[in-house]
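Subject: Structure handover

Hello,

Please find the sequence and structure below. My notes on what was found follow.

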Amino acid sequence: MNKKICFASVDVEDGEADHLDEILNIFKRYDIPATLFVTGQVLEKFHDLAKDWARDYEIACHSFTHRFWNLINNEERKKELEAFVSLYFNIFQKKPEGFRAPSHIIDEKGIKLLEEKGFLYDSSVVPHYPPFKKYRGYKGPKPLLPHYVNGLKILEIPVSGQMFGIPLAGAWIRKLPGWFYKILFFIYCPQFITLSFHSWEKSEKFEEIIKLLKSKNYQFLNGAEIYQNYR
Ligand SMILES: [Zn+2]
C-alpha cells in the first residue's frame, strides 16, 4: 500500500462506555471507519447497543474480563477467548477477526493462541514507546507497519505512533498541545499510524487530531480492512 494509512480504534472496557457516543459522533462527522475492541463483559452488558455499533464499526475482541495476560496462564487466556467468541457469535452470528490485549501485554505464546482460535489479526504490540515507558510481554521484532509474525498466519497491526515514539493515544493527545502534533506531522508523516482511544476518554482535541490527519491525506481503515489489504 502506498497510501498513508491510519487505523482508528477505541478500547471499550470495564462496562464503561460513557464517552463512546461522543467519540463515535466525531468518527461519523468525518466519515471514519474504526474498530472497537470490546471486552466480553461490555458485550454482555451492552449487547443491544453493540448491535448498533456494529452497523458502522468493526467490533473486535479486547479479552473477556480485561485481566492482563502476564497475570494469567495460557489455559485461562484460552477460556477467556472461547467465552468471548461464543458470546460474540450469539450476538453477531459470526466470529471476531481482531484482538487487542488488555494494556497491550502480549507474548509470543499469546499470539500463537490467537491464531489457533481463528483470529486474523492482533493489534497489541506497541513498536516504539518513549524510553521511560517499557514494553511488557512481547519480545519479538517490532516493525512499524502491519506484518506477519514469524511463520504465523496472523497479521500484527502494530500500535504505531508518530516519530520519537509519540503515540496517537488518548492520554497523550489530551496532555500534549495540538500545535506539538502539528509540528511533528509537518516534519514527518509516517506511512502507518494507529489512533487509539478509550471509551471513557473525552477531549475536544481528538477532533483536532482527526482533522490534522485528514489534512495530511491519511486514509482511514478499520482492522478488518487493513487485514484484507495485507492478505
Ligand atoms: Zn483495555
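**A loop residue to start with**

Q93 is exposed, having 7 other C-beta atoms within 10 Å. Here a residue counts as buried with 20 or more other C-beta atoms within 10 Å of its own, as exposed with 12 or fewer, and as partly exposed in between, the C-beta atoms being placed from the backbone. Q93 sits in the loop between α4 and β4 (98–99). Its phi is positive, about 55°, although Q93 is not a glycine. Most residues other than glycine have a negative phi. S103 is likewise not a glycine and has a positive phi of about 55°; it lies in the loop between β4 and α5. S103 is partly exposed, with 16 other C-beta atoms within 10 Å.

**Provenance and overall form**

The model is predicted: local features need pLDDT of at least 70, side-chain atom pairs count only at pLDDT 80 or more, and totals for chains, interfaces and linings use all residues. Residues are numbered from 1 along each chain as its sequence is written.

The protein has nine helices and ten strands. These are DSSP runs numbered from the N terminus (helices H or I, at least four residues; strands E, at least two). The radius of gyration is 17 Å, which agrees with the value near 17 Å for a compact globule of 231 residues; it is taken over C-alpha atoms, and the globule rule is 2.2 Å times the number of residues to the power 0.38. Along the principal axes, the C-alpha atoms fill a box of roughly 45 × 40 × 30 Å. Buried residues make up 43% of the 231. Of the contacts with a separation of 6 or more, 76% are between residues 24 or more positions apart, a contact being two residues whose C-beta atoms, placed from the backbone, lie within 7 Å.

**Helix α4**

Helix α4 (residues 74–92) has 19 residues and reaches 26 Å from its first C-alpha to its last, close to the 27 Å expected at 1.5 Å a residue. The expected span is 1.5 Å times one less than the number of residues. Its buried residues are R77, E80, L81, F84 and Y88. Seen down the axis of α4, these fall within an arc of 95°, so they line one face of the helix; the arc is that of the directions from the helix axis to the C-beta atoms. They pack against α2 (40–45), β3 and α5 (108–116). The face turned away from the buried side carries the exposed residues E75, E82, S86, F89 and N90.

**Strands and core**

All seven residues of strand β9 (residues 192–198) are buried, so the strand is largely enclosed by the rest of the structure. Strands pair if DSSP finds at least two bridges between them. V10 has F197 in β9 as its bridge partner, while A169 stands opposite S196.

In the largest nonpolar core, of 62 residues, C6, F7, I23, L36, V38 and I154 touch the most other members. The largest share of this core, six residues, comes from β1. Such a core is a set of buried Ala, Val, Leu, Ile, Met, Phe, Trp, Tyr and Cys residues joined through C-beta atoms within 7 Å.

Regards
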